[in-house]
Amino acid sequence: MSVFMPEVASTQAAQTDGIYFALLALSAIIILLVTALILVFSIRYRRGSKAERGAMPRVMSREFEVGWTSATLFLALFIFWWVSSTQLSALVAPKDALQIHVVAKQWMWKTQHANGAREINELHVPIDTPVRLVMTSEDAIHSFFVPAFRMKKDVLPGRYTETWFQPTKLGVFHLFCAEYCGSEHSRMVGRIVVLQKDAYSRWLAAQPQGDGLAKEGEAVFRARGCSGCHAEASKVHAPNLNGLYGRPVQLADGRTVTADESYLRDSMLMPRRDIAAGYEPIMPTYAGILTEGEIISLTAYIRSLSGKEGSRK
Amino acid sequence: MTDVAVGGELPIPRDPSYLGAGYTVSSWLATTDHKRIALLYAVTITFFFFLGGIAISLVRLDLFTPTGDLLSDDTYNKLFTFHGVVMVWFFMVPSIPATFGNFLLPLMIGARDVAFPRLNLFSWYLILIGGFCTLYALIAGGVDTGWTFYTPFSTMFSNTHVIAAALGVFIAGFSSIATGVNFIATTHMLRAPGMTWFRLPLFVWAIYATSLVMVLATPVLAITLVLVIVERWLHLPIFNPEFGGDPLLFQHLFWFYSHPAVYIMVLPAMGVVSEVITCFARRRVFGYDFMVYAMVGIAVIGFLVWGHHMFVSGQSAYASIVFSFLSFVVAVPSAIKVFNWTATLYRGQIGFEAPMLYALGFLGLFTIGGLTGLFLASIPIDVHVTDTYFVVAHFHYIMVGGTVSAYFAGLHYWWPKITGRLYPDPWARFAAILMFFGFNFTFFPQFIAGYLGMPRRYHVYPPEFQVYNVLSSAGAFVLAAAYLLPPLYLGWSLIWGTRAGRNPWNATGLEWKTSSPPPRENFAAPPHVEEGPYQYHPEGFAPERHYRSQGDAA
């Protein structure tokens, strides 16, 4: 970290800084222009000075006004276009991104890797690899903020929010909670540790990891009775979960949605909201029955059925 | 009484001034005189301004060290919440409209009072009741939600007096609505003969545009706070996601009010600055009609940009892009106003008395605040700096650097009219300059700390941010000293100040054509307006000769 700029540790950070410097330069020009005009006028036309006043040329009022109005509008729209076009390309995480689950609660961060390894107030990630965060909160709204990555996303109760980053620098970086969340808001901080890829593999292998998220999910799948309807052998007419993840789903009301984490989560907690076409709405809600952790592992299990990302590393 | 055309002079009223119209307590507390009500508001908001100031002084003192040695976490959270709630709803929102707006709107349009004088008094009682309700919350143990009352924290997790604080703001909201309705009716119905819309001083246009926003936006705040109270008190699930509620709904409703509320705070400031700059540059305002369209444009587009507070909240990325676009568009009319004020100085006869120094301070600080708004309208930068000190610095540049500077410009400009006394100008100029430097000293370091990543509302923080916090805290005490000066010399002037006369600045505008302080009825005879505002020099000519001859006469 320099005195004026935070560390540049992700692909996004470099882009954001580029926009920041451009706007700084533009602002400096405008401030210098306005200040210079105010100073020059204040001195030249101070009360009682000898400066020539004379009549104001008529073009001054109309043409000048129209001129700087359109120039300002054009400038504003140009900046908007330039900034937004860089942003649109970065909306969606790359397909091969490493997936991390984040659960926030007053006042700590719980992170979980695909193989089931858990961390508290820490997250280890490999360098030069896109990392996708799927986040939810157990209480108030929090916000996952890593200044060195120029990345921030609110973490909400009752739904998933997503964001992604690609670290470009080894080291340890601040993780802050940026959305005010009560007494110890300012102590809800952590560390992001960026490792070399092989160091990350070694680190991951050394963690107590249980069975892996998908394996855990499979156990939940049986224990909570999901398998009664959704298992292949079941006689109940329920949607087949094999290969479901990431596919478009036709709904009974004619809409089509993508079966992503949010859809799977809503289907468990609010099964009557988005009913898959061709199925009776007979599934009971699991709100209040499944914990956030169980929902995450169930989602990981369903994802593994599509072969997208399994418990096998 | 006969009508008197303005262009020439009005007869000097013989009646006693509004201050001498009665000396009992009830002559103040039951008054329907817009000028006395303006003073009641002035006393009220000054009280709240210093309360809010004390709260933030403790916060800034605590932030000298990264470990938060002075206060506990909870006390810290309650103090910044108190600062925000009090400053926004009990100082900033009523500041210029309820004091100068109340005092000057009827005077500037040649009326003897506002349209609904009793409703006007009722508005003041509402803000007083609301204020005490919120103060009760403080005394009973405080509120720790931040001024934004975000759910579900405010409804489900905070253990503090959220209901009393929200109720106080709810009640104060009706004060805003009533004042807005009153001012809109006054502007439409009570303009003196000949006072056409495009002869209105820009301050009147500013107050009019502000009133529209107050009337249209504040009801949304009211219902939002009712929903918060209902969910917290009766446990009706509204925002609670466990029952299918949406916590983001709160943010949409809240910012639908609170972004336009920024314009409730800054439009009146633009009005004040337009009056002061023209007077002290001895020039017609540059581009009068563009200034009017710009203010109306800001008031309208200001309703469509609330989503730029929510770029990282989880709202749709495409919605964010639309809000980003509209936020860039709303910057344009503000920029035009800055250019026009600057151009008004061209070929003027510029004097640098205290009101002008405050107004020039506004111009500089508002420009910086506005330009950093472009940073925040850019999604990638906003993602990084939202909820950091960068945002804190940005909105303080607009609201404190902008609006509070303009408030002091107005206070010094109209003080002789309101009190009939002149204050010692050297002291006032010193306070203006001290305020400008104290302000920058306090808030400029926060831009840097924010871009480095220091989150707002942090009681303890990593030590690498300490240097910026020390600068900022030191600046805050310079700023506090600058705020303590005006009450001293202005108070002094009430007793020992020389009499002002009706028009000490040699200004145009109907308010300067009656005595200082004005009588209860404002004018000795109803004025008849025959010319546009800001006749500081004949149209198309330089102010030079005109200024000299007028100056000699005064």
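**A tryptophan in chain B**

In which helix of chain B is B:Trp414 found? B:Trp414 lies in helix H14, residues 389-419 of chain B; helices (H or I, at least four residues) and strands (E, at least two) are DSSP runs numbered from the N terminus. B:Trp414 counts as buried because 25 C-beta neighbours fall inside 10 Å, the cut-offs being 20 or more other C-beta atoms within 10 Å for buried, 12 or fewer for exposed and partly exposed in between, with C-beta atoms placed from the backbone.

Apart from neighbours within four places in sequence, B:Trp414 is in contact with B:Phe100 and B:Leu104 (contact: C-beta atoms, placed from the backbone, within 7 Å).

**About the model**

This is a predicted model, where local features need pLDDT of at least 70 and side-chain atom pairs count only at pLDDT 80 or more, while totals for chains, interfaces and linings use all residues. Residues are numbered from 1 along each chain as its sequence is written, and chains are lettered from A and ligands numbered from 1 in the order in which they are written.

**Where the chains meet**

Here 73 residues of chain B are in contact with 69 residues of chain A. On the side of chain B that touches chain A, H11(B) gives the most, with 14 residues.

**A sheet in chain A**

Chain A has an open sheet of five strands in the order S4-S10-S9-S6-S7, with mixed pairing (strands pair if DSSP finds at least two bridges between them). Strand S6 (142-146) and strand S9 (171-177) of chain A pair in the antiparallel sense over two bridges, and A:Phe145 has A:Phe176 in S9(A) as its bridge partner.

Notes
Contact = placed C-beta atoms within 7 Å.
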